[in-house]
Amino acid sequence: MPTVFIFRNIKLVIHVRDHAPPHVHAISPDAQAKIDLTSLECFFSRGYSAKDLKLITNFISDNKEKFMEVWNEYHS
């Protein structure tokens, strides 16, 4: 499971052999979320505030090209 970035103590991870649609897992010691790479919709969140999710999705949006590159490397 490659960690693509670490952002504010949050690992942003793409699992190898995961299912579509392209998404990233945000994992920190006390929280988890799964975010769609295309729409930036949050599929699941436990422990993150709305403010945290906004920061995470903005970071993902700013680095979307890299996330998609990693997703396609493992899922094409």
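The buried residues of α2 pack against β1, β2 (10-13), β3 and α1, where contact means heavy atoms within 4.5 Å and buried means under 20% relative accessible area, with exposed over 50% and partly exposed in between (1.4 Å probe, protein chains only). Helices (H or I, at least four residues) and strands (E, at least two) are DSSP runs, numbered from the N terminus. The model is predicted, so local features need pLDDT of at least 70 and side-chain atom pairs count only at pLDDT 80 or more, while totals for chains, interfaces and linings use all residues. Residues are numbered from 1 along each chain as its sequence is written, and side-chain values use heavy atoms, with hydrogens and water left out.

Helix α2 itself (residues 64-75) has twelve residues and reaches 16 Å from its first C-alpha to its last, close to the 16 Å expected at 1.5 Å a residue; the expected span is 1.5 Å times one less than the number of residues. Phe-67, Val-70 and Trp-71 are buried in α2. These residues cover an arc of only 100° around the axis, which puts them on the same side of α2; the arc is that of the directions from the helix axis to the C-beta atoms. On the face turned away from this buried side, α2 carries the exposed residues Glu-65 and Glu-73.

Ile-6 has Lys-11 in β2 as its bridge partner. The two strands form a hairpin with two residues between them, and Arg-8 in the turn has a positive phi of about 50°.

Next come the aromatic rings. A pair of aromatic rings is described by the distance of the centres and the angle of the planes. Rings of Phe, Tyr and Trp (its six-membered ring) pair if their centres lie within 6.5 Å; planes under 30 degrees apart count as stacked, over 60 as edge-to-face and the rest as tilted. By this rule the count comes to three aromatic pairs. One of them is the edge-to-face pair of Phe-5 and Phe-59, at 5.2 Å centre to centre and 90° between the planes. Phe-5 lies in strand β1 (residues 3-7) and Phe-59 in helix α1 (residues 50-62), so this pair ties together parts that are 54 residues apart in sequence. Phe-5 is partly exposed, with a relative accessible area of 23%, whereas Phe-59 is buried at 17%. Phe-59 also forms a stacked pair with Phe-7, at 4.3 Å centre to centre and 20° between the planes. This second pair again links distant parts of the chain, with Phe-7 in strand β1 and Phe-59 in helix α1, 52 residues apart. Both of its members are buried. Together, Phe-5, Phe-7, Phe-59 and Phe-67 form one aromatic cluster.

In strand β3 (residues 23-28), His-23 is buried, with a relative accessible area of 0%. Its side chain makes a polar contact with the side chain of Asp-18 (2.9 Å) and reaches the backbone oxygen of Pro-21 at 2.7 Å. A polar contact is a pair of N or O atoms within 3.5 Å; within protein, one must be able to donate a hydrogen and the other to accept it, and residues adjacent in sequence count only if both atoms are side-chain atoms. Not counting residues up to four places away in sequence, His-23 touches several residues, including Ile-14, Phe-43 and Trp-71.

Technical notes
Two strands pair if DSSP finds at least two bridges between them.
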